[in-house]
Amino acid sequence: MTTTYNDALTDVDGVRVGHATRAGDGFLTGTTVVLAPEGGAVTAVDVRGGGPGTRETDALDPRNLVQRIEAIVLTGGSAYGLDSASGVMAWLEERGRGVLVDGPERVVPVVPAACVFDLGRGGDWRARPDAGTGRAAVAAAAATPPRSPVAEGTVGAGTGAVVGRVRGGIGTASTVLGSGITVSALVVANAAGSAVDPATGALYGEFFAGDGPVTYPSPELHAAAGERLADAAAANGPAPLNTTLAVVATDAVLSRAQAQKVAGTAHDGIARAVRPVHLLNDGDTVFALATGAHPLDAADPLALNEILAAGADLVTRAIVRAVRVAESVRGPGGTYLSYSDLYGPRPAPTTAPRDGAP
């Protein structure tokens, strides 16, 4: 496997990503929109967490009517933040994009959405994304040129994200398979579980990310980081809540059933990078999106396997990226320290990275 272009979700041609970030004046939240090519893409979903906050996910069931969707919304604000999908829906309707109902001017955009819990992290419990935030995010996505870089870290739906006691955020990664098919992933890492091994301070995901050796902090640095985290936790109060969201995209031709299998297998990528995972207070949700530009090998009944494996690997790598790129925040809603603040930047590799690494 090799990486492409920006090592981002947008390496799948036609897929665009836009963020709307709200920070300050009580806000620490935002919305991220994944915009499909015009005409939509085959999309599926798999929800594993016990406390999901979602909208329009039933429409993605392969047994149901809707075949293609135009956009996916990932948002902060818990269930309140799902209102951001209304702004995306209105934006799509104005452009005639959606399910045709009665002629080209009458459409119903189906906009699946999922949320993370970040309420109160900016200081104001009522400061959440709304329809205007969603509209801003989809407009930002539409304004980007094809295959644009994707901002990572504490932006968009990852603005208020926390993984365990450490800052989370947005991460993304991509690869081109030997078949020529592109697979990419974007995550919002905001889990109840931790991404950090408590015994060593290493990131769980680095054991599986395939982008170089695992980085082990010194025992002294790990002990100091633990003390700083304990002090912040004591000041912040109860452990932060949930959830990890992901979108896995590919340019392969997939049926909705195949896309659903991709979404399900991609959850393994979360489980490799976060422990524990899929708890009752998590809402872990993965969407899979297929643009249909590259047919699978019809002679190989197992051709989907390489996409399944890559999707999980990329989700793991995207979570590592999210945690490493995130920035600390100190404000009225609490102090949440970033991994890089606690442990420093990742050292430059002393050997060449494995195939598939940036």
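## Helix crossing and sheet in a predicted model

Helix H5 passes helix H6 in a right-handed crossing, and the axes of the two helices, H5 covering residues 256-273 and H6 covering residues 305-325, come within 7 Å at a crossing angle of roughly 40 degrees.

**Contact of H5 with H6**

- On the H5 side, the residues that meet H6 are Lys261, Val262, Thr265, Ala266, Asp268, Gly269, Ile270, Arg272 and Ala273, while H6 contributes Ile307, Leu308, Gly311, Ala312, Asp313, Val315, Thr316 and Ile319.
- Sorted by class, this contact of H5 with H6 holds nine nonpolar, four polar and four charged residues.

**The open sheet**

- Five strands make up an open sheet of mixed pairing, in the order E3-E14-E13-E12-E11.
- Strand E3 (42-47) and strand E11 (169-176) each have a single partner strand and stand at the edges, so one side of each is left without a neighbour in the sheet.
- From one strand to the next, the twist averages 15 degrees.

**Pairing of E12 with E13**

- Strands of a sheet pair through backbone hydrogen bonds, in either a parallel or an antiparallel manner.
- Strand E12 (residues 182-189) and strand E13 (residues 244-252) run antiparallel and are joined by seven bridges.
- Val187 has Ala246 of E13 as its bridge partner.

Notes: Residues are numbered from 1 along each chain as its sequence is written. This is a predicted model: local features need pLDDT of at least 70, side-chain atom pairs count only at pLDDT 80 or more; totals for chains, interfaces and linings use all residues. Side-chain values use heavy atoms; hydrogens and water are left out. Two strands pair if DSSP finds at least two bridges between them. Helices (H or I, at least four residues) and strands (E, at least two) are DSSP runs, numbered from the N terminus. Axes are lines fitted to C-alpha atoms, for helices over the stretch in contact, and angles run from 0 to 180 degrees between N-to-C directions. Contact means heavy atoms within 4.5 Å. A crossing is left-handed if the near helix is turned anticlockwise from the far one by less than a right angle, and right-handed if clockwise. Ala, Val, Leu, Ile, Met, Phe, Trp, Tyr, Cys and Pro count as nonpolar, Asp, Glu, Lys and Arg as charged, and the others, Gly among them, as polar.
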